[in-house]
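Morning, everyone. I have one structure to walk through today. Let me put it on the screen.

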2 protein chains.
Amino acid sequence: MTVNDRQARHMVTLSDVAARAGVSLATASKALNGRSDVKAATRERVESAAAELQFSPNPFARALHTRQTGTIGMLTSDLDNRFVLPILLGAEDALGAGSTSVLLADTRDDVIREQHHLRVLKMKRVDGILVVGRNTNPRPPIETDGSLPVVYVYAPSEDPENASFTPDNVKAGRIAVEHLLARGRRRIAFLNGDMTYSAARERVAGAEAAMLAAGLELVGGANMYGQWSEAWGRSGALALLDGRPKVDAIIAGNDVLARGVLDMARSRGLRIPSDIAVVGFDNWDILCQDSWPPLSSVDMNLQDLGRRAARALVEAIGGRPSRGIHLGDVRLAPRESTAIVDLPEVPVS
Amino acid sequence: MTVNDRQARHMVTLSDVAARAGVSLATASKALNGRSDVKAATRERVESAAAELQFSPNPFARALHTRQTGTIGMLTSDLDNRFVLPILLGAEDALGAGSTSVLLADTRDDVIREQHHLRVLKMKRVDGILVVGRNTNPRPPIETDGSLPVVYVYAPSEDPENASFTPDNVKAGRIAVEHLLARGRRRIAFLNGDMTYSAARERVAGAEAAMLAAGLELVGGANMYGQWSEAWGRSGALALLDGRPKVDAIIAGNDVLARGVLDMARSRGLRIPSDIAVVGFDNWDILCQDSWPPLSSVDMNLQDLGRRAARALVEAIGGRPSRGIHLGDVRLAPRESTAIVDLPEVPVS
DNA sequence: TTGTATGCGTTATCAG
DNA sequence: CTGATAACGCATACAA
């Protein structure tokens, strides 16, 4: 159980395999790595010897030579953030399929900690680094000597030369509107979250553009910013529900806000979706799937984003770097809060 | 940017440091590692030389020798699970302070994947493994040859000889009741989640014991099991609210259920907490902090649990293994849903 | 096609 | 106190 015991335990090495196969160490190495020319029969002998001994090459001895560690560093600014999880999952997914593994480092959004972890990751000789932001606001690039492949996810790098993967928030806003229009809604309001988030600004921009394209305007305009809180969702909704013109749909800047909107709408005696439709963003299952009623939401496809970013990193490590901002696709997850209902004919405004 | 470039880049090695300090390789090594006796002046020279050259020892060369990799594996059955995050965070916290880093592996709760990842982790020569379960149900131990230190978190190992860290769900149930009793509530019901979860069974057991200790009984008994869903929270609450005797407090098996209870209570025109108090478990901020009203909840202290487990693993790696199930402390996070109010005098039952 | 010898960057064991 | 020197496990020119 202790380290000493493990040290004592003889790990089977390549020499053991070679001995068992009756060949030299070099031949065993070549056979196992598919190098050079090795007689098929010999290779077979070596391989079965390796299998019988359950040989697994010591990655450190190998790394000493190849300078490839089969490990990438994941620098996340805030692990305790629901958005990083699916990204991490996707990355782990894409990498784990190969044999590269993920070294995790949480910086707590702290510059000092970030530099510390960066140093540690470099020390561990990671093959590349995935930088995961806590929101989609562009962030300053990490300091490297340029020799280490880096890919940014969620929060893109401020340097457009770097490779970044971030969700398409503009499109997200657009498809929210298009979904509601398709459901026959016309008097749509956009209750937004914190203005300092580019996600908030881009989502409403996309929504506004889609409304314009349909010859409509957002009820209450495009500047209903507040906080990412249910409380603001409730109070914002209250203002909208009591205001004029009457809205028949509210797009909330994210699912948390949408929950507040649902609560307030119900408490005002409105039926959802017949009186008013509600749609959120992020498609956070815990908030959407089982709310009253279940909430339609735009899914930002974060897992896929993480997967793509990880793949790009692997490519970069392989010498095929990518550049620029890659927008991740998004899609709407329809639920009861925007279900089709027979709407009464109402004159516009 | 490519691998070749990096290979070309000359990494400063210990010989460089030694040369610059004008000492031998061996002396430099000793000086830097505080080994053996080295003259203070010499050590100083070596250290400054190392600093000037920004020397960082190649961990692979080192691992080749010491058999210690400074890396632990984290085998999580379900990364996309809110409970693993704080645990991971705590572990990362405890480990990152030293220089051990975390190799992440998500098994998707799949036996095949688990074995695969286990193999990979062993191949990468991790110093130890932290196994994080998706719930607190005991799980079968992972297959190792016993030479590798393993610590189980959240889901304890079925083998009592292994080291496990799991939250104290019994105590959690108890303090929920004690909190409500202290707030003057007497007719308390426990609306529970999925019966197959030991967390559900233990929480209600703790609650029941605490009621008994106060000479009371749970309204509706200890068997109101259902699902971990808001829908069940709503329908269960409906039954309780319309039933007899009238309850003045509902303990929900977790925060999700509690949200359903809140929704239903409000929709029945009840005021919270004056008419009825509600308390949940897990203290999931997104659900508790900003609900209507904010929800009191028992915090399972997962981050601390992760931290403790990680420390135990480090100890085990150092040759001081621990054994058995360690219960993590829990505490109540009071919010408005159980705030003190002037309760009307009511006869019991 | 196979084997020999050498080096990768450290640490550890000995002599000096 | 310091310095050669031998491992550690593997990959690879080069020789056979």
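Predicted model: local features only at pLDDT ≥ 70, side-chain atom pairs only at ≥ 80, totals over all residues.

Which residues are the closest to DNA strand D? Thr13(A), Leu14(A), Ala26(A), Ala61(A) and Ala26(B).

Four helices each supply at least two residues to it: helix 3 (25-33) and helix 5 (59-66) of chain A, and helix 3 (25-33) and helix 5 (59-66) of chain B. Helix 3 of chain A gives the most, with five residues. The surface near DNA strand D has twelve nonpolar residues, ten polar and five charged.

Next, chain A as a whole. It has 13 helices and eleven strands. The C-alpha trace spans about 90 × 40 × 40 Å along its principal axes. Of the 349 residues, 51% count as buried. Take the contacts in chain A with a separation of 6 or more: 70% of them come from residues 24 or more positions apart.

Last, the core. The largest nonpolar core has 184 residues. Which have the most contacts inside it? Leu130, Ile250 and Val278, in chain A and in chain B. Look at Ile250(B). Beyond its neighbours within four places in sequence, Ile250(B) is in contact with Ala189(B), Leu191(B), Ala237(B), Leu240(B), Val261(B), Ile276(B) and Val278(B). Val278(B) is also one of the core residues with the most contacts.

That's my tour. Over to you.

Notes:
Residues numbered from 1 in each chain as written. Chains lettered and ligands numbered in written order. Buried ≥ 20, exposed ≤ 12 C-beta atoms within 10 Å, placed from the backbone. Contact = placed C-beta atoms within 7 Å. Core = buried A, V, L, I, M, F, W, Y, C linked by C-beta atoms within 7 Å. Near = placed C-beta within 6 Å. Nonpolar A, V, L, I, M, F, W, Y, C, P; charged D, E, K, R; others polar.
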